[in-house]
Amino acid sequence: MRDIGDYESVVYNGENDFEVYQALYRKRRVLESLKKVADGGVIVEVGCGLESIFQYYDSFSKFICVEPAEKFYRLAMEQKKDRDDIVVINDFFENTISRMPKKVDCMICSGLLHEVEEPQKFLMSMKSVADNDTIVHINVPNAKSMHRLLAMCSGLIDDTHDMSENNRMLQQNTVFDRKLLQELIEKTGEVEILEQGSYFVKPFTHAQMKKCMDEGIVDRQILDGFYKMAEYMPELGSEIFIDFRWKS
């Protein structure tokens, strides 16, 4: 069983500090999707980590953030301040289904599904809140990321789907590629895929990327370039995303 206390300690205390940068580009991708699919409706964010997306996007009538980790929940409560249009719930999403509104326009599951022990069951719980018009955004790390392909070609791993030390430290259970992610989603029912792809081409591991930044080899301008490179290397981004809706 996933230990929320251990997980929040790793992230909160900066033991995996390049993840701060990775999270910035993950949020950029979420925002690009939101601007296309959500405008003034009800948004549900399943897990927010250190920063909820509501800090960067405010075109909604209501925003519900469900976060099981106590520290992240408290941060989200501080970030929401006194806004009545934002609700933050400290619980696992599966326990909150009865508290969700009847109409949800958009659901965000960012950087989470690969950490869930039973991802298909988890998706079914999300589906129970959605209707045929609900747009769902999911992103996860990419098994076919450039840095994983480099590790395989260098003989450091046997397969790009192997669990890394970083995966184990963050208690991650599944290493998805785009095909596996789409197949898992399609197992939950008929879906309409609106957009999918990868983003932020990362050539090295988190530890190596952080070292490059510490030594001045890589800066934010270069990181922005890595993000844009996914346009030219669409399968090799460090993370993949799918925007879809259930049709049944």
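Which residues are linked in a network of salt bridges? The network comprises Arg29, Glu32, Lys36 and Glu195.

1. Basis of the note. This is a predicted model, in which local features need pLDDT of at least 70 and side-chain atom pairs count only at pLDDT 80 or more, while totals for chains, interfaces and linings use all residues. Residues are numbered from 1 along each chain as its sequence is written, and side-chain values use heavy atoms, with hydrogens and water left out.

2. Salt bridges overall. The structure contains 17 salt bridges, a salt bridge being a side-chain nitrogen of Lys or Arg within 4 Å of a carboxyl oxygen of Asp or Glu.

3. The Lys36–Glu195 pair. One of the salt bridges joins the side chains of Lys36 and Glu195, at 3.2 Å from N to O. Because Lys36 belongs to helix α2 (residues 19-37) and Glu195 to strand β6 (residues 191-199), the pair ties together parts that are 159 residues apart in sequence. Helices (H or I, at least four residues) and strands (E, at least two) are DSSP runs, numbered from the N terminus. Lys36 is exposed at 58% relative accessibility, whereas Glu195 is partly exposed with a relative accessible area of 24%. Here buried means under 20% relative accessible area, exposed over 50%, and partly exposed in between (1.4 Å probe, protein chains only).

4. The Arg83–Asp85 pair. A salt bridge connects Arg83 with Asp85, and their closest N and O atoms are 2.9 Å apart. Arg83 is partly exposed, at 29% relative accessibility; Asp85 is likewise partly exposed, at 23%.

5. The Lys210–Asp214 pair. Within helix α8 (residues 206-214), Lys210 and Asp214 lie four residues apart, about one turn of the helix. They form a salt bridge whose closest N and O atoms are 2.6 Å apart. Asp214 is exposed, its relative accessible area being 53%.

6. The sheet. Seven strands make up an open sheet of mixed pairing, in the order β3-β2-β1-β4-β5-β7-β6. Strands β3 (86-89) and β6 stand at the edges with a single partner strand each, so one side of each is left without a neighbour in the sheet. From one strand to the next, the twist averages 15°; axes are lines fitted to C-alpha atoms, for helices over the stretch in contact, and angles run from 0 to 180 degrees between N-to-C directions.

7. The β2–β3 pairing. Two strands pair if DSSP finds at least two bridges between them. Strand β2 (residues 60-66) and β3 run parallel and are joined by four bridges. Phe63 stands opposite Ile86 in β3.
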